[in-house]
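Please look over the sequence and the model shown here.

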Amino acid sequence: MTDSVPADQGAPDPDLAGPADPAAWLSLPDVAERLDVSISKVHQMIRDRELLAVRRANVRRIPADLVANQTVLKHLPGVLNLLADAGYDDEAALRWLYEQDDTLPGGTPATALGGDQAREVKRRAQALGF
């Protein structure tokens, strides 16, 4: 299971994005609609580390910018698997993806994944395992 925040722990309000949070969130039904798949397919994508979902306000949510143009960012599943192999849980992976990095275009690995620097993001994620 990919839930990384126990239900009994308070989670930050999604409208109050922290320094390591995306600006916008999607609920799982919203992702299903955007990708034109069933909600059970979205759950399977989360289990298979094709998507990253974390609890915010006791609801599982997905960063909106990881689901672009009716598809999941191409290199996201590979990066999520590399981070999991390096021991990152979902919350830690989210922090890593949204941590400010001025050496990447856009300032964060998540933003760079959508552009020309996706391979560099994968390389950096792979290096975390060593």
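Glu91 and Arg56 are both buried, where buried means under 20% relative accessible area, exposed means over 50% and partly exposed lies in between, with a 1.4 Å probe and protein chains only. Their side chains meet in a salt bridge, with N to O at 2.8 Å; the term stands for a side-chain nitrogen of Lys or Arg within 4 Å of a carboxyl oxygen of Asp or Glu. The pair links distant parts of the chain, since Glu91 belongs to helix α4 and Arg56 to strand β2 (residues 54-56), 35 residues apart. Helices (H or I, at least four residues) and strands (E, at least two) are DSSP runs numbered from the N terminus.

The model is a predicted one, in which local features need pLDDT of at least 70 and side-chain atom pairs count only at pLDDT 80 or more, while totals for chains, interfaces and linings use all residues. Residues are numbered from 1 along each chain as its sequence is written, and side-chain values use heavy atoms, with hydrogens and water left out.

In soluble globular proteins, nonpolar side chains tend to be buried together. Here the largest nonpolar core has 35 residues, and Leu51, Ile62 and Leu97 have the most contacts inside it. Such a core is a set of buried Ala, Val, Leu, Ile, Met, Phe, Trp, Tyr and Cys residues joined through side-chain atoms within 4.5 Å. The elements giving two or more residues to this core are β1 (25-27), α1, α2, α3 (76-85), α4 (90-98), α5 (109-113) and α6 (118-127). Of these, α4 gives the most, with 5 residues.

Ile62 shows what such packing involves. Leaving aside residues up to four places away in sequence, Ile62 touches Ala24, Trp25, Leu26, Leu28, Val31, Val42, Ile46, Leu51, Leu52, Ala53 and Val67. Contact here means heavy atoms within 4.5 Å.

Helix α2 (residues 39-47) has Val42, Met45 and Ile46 as its buried residues. Seen down the axis of α2, these residues fall within an arc of 100°, so they line one face of the helix; the arc is that of the directions from the helix axis to the C-beta atoms. They pack against α1 (28-35), β3 (59-63) and β5 (71-72). Just after α2, Arg49 takes a positive phi of about 60°.

Side chains of opposite charge can pair when their charged atoms come close. A search of the whole structure finds 4 salt bridges. Asp101, Glu120, Arg123 and Arg124 are linked in a network of them. Because Glu120 and Arg123 are 3 residues apart in helix α6, about one helical turn separates them. Glu120 also meets Arg124, at 2.7 Å from N to O; these two lie in α6 as well, 4 residues apart, about one turn of the helix. Both arginines are partly exposed, Arg123 with a relative accessible area of 45% and Arg124 with 22%.

Most residues other than glycine have a negative phi, and most peptide bonds are trans. Ala57 counts as partly exposed, at 39% relative accessibility.
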